[in-house]
Amino acid sequence: MITHELRTYKSAEHLPREGQLAWKIAEVAADPVAVAPEVAEMIVNRIIDNAAVAAASVGRRPVASARAQALCHPLAPGATVFGVDARVSPEWAAWANGTAVRELDFHDTFLAADYSHPGDNIPPILAVAQHTGRSGADLIRGIATGYEIQVNLVRGICLHEHKIDHIAHLGPSAAAGIGTALNLPTETIYQAVQQALHVTTTTRQSRKGEISSWKAFAPAFAGKMAVEAVDRVMRGEGAPSPAWEGEDGFIAWLLSGPNARYQVPLPGRGEAKRAILDTYTKEHSAEYQSQALIDLARRLGPRISDLGQVDSIVIHTSHHTHHVIGTGANDPQKMDPNASRETLDHSIMYIFAVALEDGGWHHERSYAPDRANRPETVALWHRISTVEDPEWTRRYHARDPKEKAFGGRVVVTLKDGRTITDELALADAHPGGARPFARAHYVQKFRTLSEGILTAAEQDRFLGAAESLPDLGDLGALNFTVSPDRLGAPRPHGIFDWT
C-alpha cells in the first residue's frame, strides 16, 4: 500500500493531475490487476448478503416508493429491480435496489476514521454491468474496486466530525467501481470520481434527531449520482478539480481547513485489491456498533434472574458508540418509545434492553411499536446509559486487528447493590469473533430473511446464480422476483407517474 498525503493547494500553486487524490483513485480503478480467489469468494458472499436484506425489506414503504419511481423509467437492455421482472434505466435500478439493500441497516460495514457500508457499492456497479452486458468477471473486478476505494477513504478521512454524511466516500468509490467494470481509461474515471464527490456531499442530519426514511435513500442517491457522473464524463464533460485539494475544495472548506493534512492509503500498481476482506457483515439488524453488545446482552441475560431488580446499566464503550448511538448523543429521541425504527436502530439503550429481555434480536419484531412501548421495556431502557472509556476508544481506532474492537464493558447494578460485569470486544459474526460468518452463514441469512417472501425454487435459483458468478454470463440472474402481494401496499402517485 502507498500512503498519499493530502492538503489544500492555493490556486496559484500547481498541483499536477498525477498528484491529485482523484487521479490516484482512478489509477487504482484502471489497474487490470487480477482479483484474488478469496476476494472473489467474499464478493459473492456480499451479493448474497445484499439480496437477503433486500428480500426482507421488499414490501416496506421506502423500498416500494423507490421501486415505483424506478419503474417509471423502463429501458432496454436496462437493469433489474429487486422483486419484479422488469428492466429500467441503470441509475434508477441503482436507486431502487440501493434503497432495498439499505432500508433495514442489515448489510456489511467498515469502521475506521469514519463509518461506511461498503455493500452500498454493489447496486450501482451491478446495475451498470447489467445494462452494458458485462460478465461476472467484470462485475467482480468492479466491486473489488468499489470496496477498495471506499474502505481506504474511510481509513484516511473522517467526515462525521464535520457533520458530513458518509455517502461522500461512497459516490467516488461507486464511480471508480463502475469505471473498472467498464474498463474506462484513467482520465474518464478521474473526472467521474470528482463529480461524484461534488454531488454526494451532504450533512449528517440524515442520522441525527428524528431519523427518517432518507437514511435508506441516502446511499441509493449516492449510487444513482455515481452512475450519472460516469455517463456525463463518458460524453466528454468534466468535474470541479482538484475536488479534494482545491483552494475552495473539500479539504479547505468542508473538512479540517486549509492547513489540514490527511493520509489515504491506496494499492500500488499491480497490487491486489483486498480491502473487502477487512470488512464485516451484520448478524443483527441494527447499527454495527451494537452488534457485539447484542451478543453480550444475550450472554448476560441468563445471569440476571429478574430484570425488574436492575437499578442501572452502564455501557463503557468507545467515543463513537457513546456519541452516535449512546447517551453521549444527547438525543432525547433515542429514549422515546414512539421514535421511528430508524431512530431506535441508533439507540443502544433501547437495543440492549430488548436484547436482554428477548435473548436476541429480530429485524422486525424487535422494532415493532408495541414492542418499544412495553412498560417493563421502557423502564429498563431508561435505566441504561453509556460512558466513553478511553481504552475502548483506543481499541476502536487500533490498526492492529488483534487490538481493534467495537464492543464494550457492561456494569449491571442491582437494587440490592450487587453488580454483574461482562465485556465483549467483537461481535460473534466478526472475522475475529466467536463464530465468524462464512458462506454457509450468508446462505442461511438469505434463506431466513427471504422465507415466505421468495419461493424455495426462487431462493435456490438466485443462490445458484450468485455462487456461479465468476462464470456467469447473464447478470440479470442476480435478481429475484416475488409475488405481487409481497410488494407492499400501492403507493400514492408522484411526478413520474402523474395521472
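Colleague: What makes the contact between the side chains of Arg435 and Glu283 a salt bridge?

Modeller: In this predicted model, the side chains of Arg435 and Glu283 come to 3.0 Å, N to O. The cut-off is 4 Å between a side-chain nitrogen of Lys or Arg and a carboxyl oxygen of Asp or Glu, so the pair qualifies. Arg435 sits in the loop between β8 and α18, and Glu283 in the loop between β4 (262-266) and α11 (291-300). The two are 152 residues apart, and the pair links distant parts of the chain.

Colleague: Why are Arg435 and Glu283 called neither buried nor exposed?

Modeller: Buried means under 20% relative accessible area and exposed means over 50%. Arg435 has 29%, so it is partly exposed. Glu283 has 23%, and is therefore also partly exposed.

Colleague: How do you know that Asp460 and Arg447 form a salt bridge?

Modeller: The closest N and O atoms of Asp460 and Arg447 are 2.8 Å apart, and the limit is 4 Å, so the pair counts as a salt bridge. Asp460 belongs to helix α19 (residues 456-467) and Arg447 to helix α18, 13 residues apart. Asp460, at 43% relative accessibility, is partly exposed. Arg447 has a relative accessible area of 28% and is partly exposed as well.

Colleague: Are Asp49 and Lys445, which also meet in a salt bridge, buried or exposed?

Modeller: Their side chains meet at 2.9 Å, N to O. This pair joins helix α2 (residues 37-57), which holds Asp49, to helix α18 (residues 439-450), which holds Lys445; the two residues are 396 residues apart. The relative accessible area of Asp49 is 0%, under the 20% limit, so Asp49 is buried. Lys445, with 8%, is under 20% too and is therefore buried.

Colleague: How many salt bridges does the whole structure have?

Modeller: A search of the whole structure finds 31. Salt bridges also link Arg102, Asp105, Asp120, Lys215, Lys282 and Asp345 in a network.

Colleague: What makes β5 and β7 paired strands?

Modeller: Pairing needs at least two bridges, and seven bridges join strand β5 (residues 310-317) to β7, so the two count as paired. They run antiparallel. One of the bridges has Thr317 partnered with Gly408 in β7.

Colleague: Which strand is the bridge partner of Gly408 in, on the β8 pairing, and which residue is it?

Modeller: The partner of Gly408 in β8 is Leu424. Strand β8 spans residues 419-424 and pairs with β7 over six bridges, in the antiparallel sense. The two strands form a hairpin with four residues between them. Gly417 in that turn has a positive phi of about 95°.

Colleague: Which residues have a positive phi without being a glycine?

Modeller: Among them are Asn183, with a phi of about 55°, and Asn330, with a phi of about 50°. Asn183 lies in the loop between α7 (167-181) and α8 (186-199). Asn330 is in the loop between α12 (319-324) and α13 (341-344).

Colleague: How do you know that the peptide bond between Ala76 and Pro77 is cis?

Modeller: Its omega is about 0°. Pro77 is placed in strand β2 (residues 74-81). The bond from Ser241 to Pro242 is cis too, with omega near -5°, and Pro242 lies in the loop between α9 (214-234) and α10 (250-253).

Colleague: What lines the largest cavity?

Modeller: The structure holds three cavities of 30 Å³ or more, and the largest has a volume of about 110 Å³. Of its 14 lining residues, Tyr115, His117, His166, Glu287 and His346 are the closest to its centre. The lining divides into four nonpolar, four polar and six charged residues. Glu287 counts as charged and His117 as polar, because the charged group holds Asp, Glu, Lys and Arg.

Methods: Residues are numbered from 1 along each chain as its sequence is written. This is a predicted model: local features need pLDDT of at least 70, side-chain atom pairs count only at pLDDT 80 or more; totals for chains, interfaces and linings use all residues. Side-chain values use heavy atoms; hydrogens and water are left out. Buried means under 20% relative accessible area, exposed over 50%, partly exposed in between (1.4 Å probe, protein chains only). On a 1 Å grid over the protein atoms alone, a cavity is a set of points where a 1.4 Å probe fits but cannot get out, and a pocket is an open set with protein on both sides within 12 Å along at least five of seven lines; lining residues have an atom within 4 Å of a point. Grid points are joined across faces, edges and corners, and a volume is the space filled by probe spheres set on the points.
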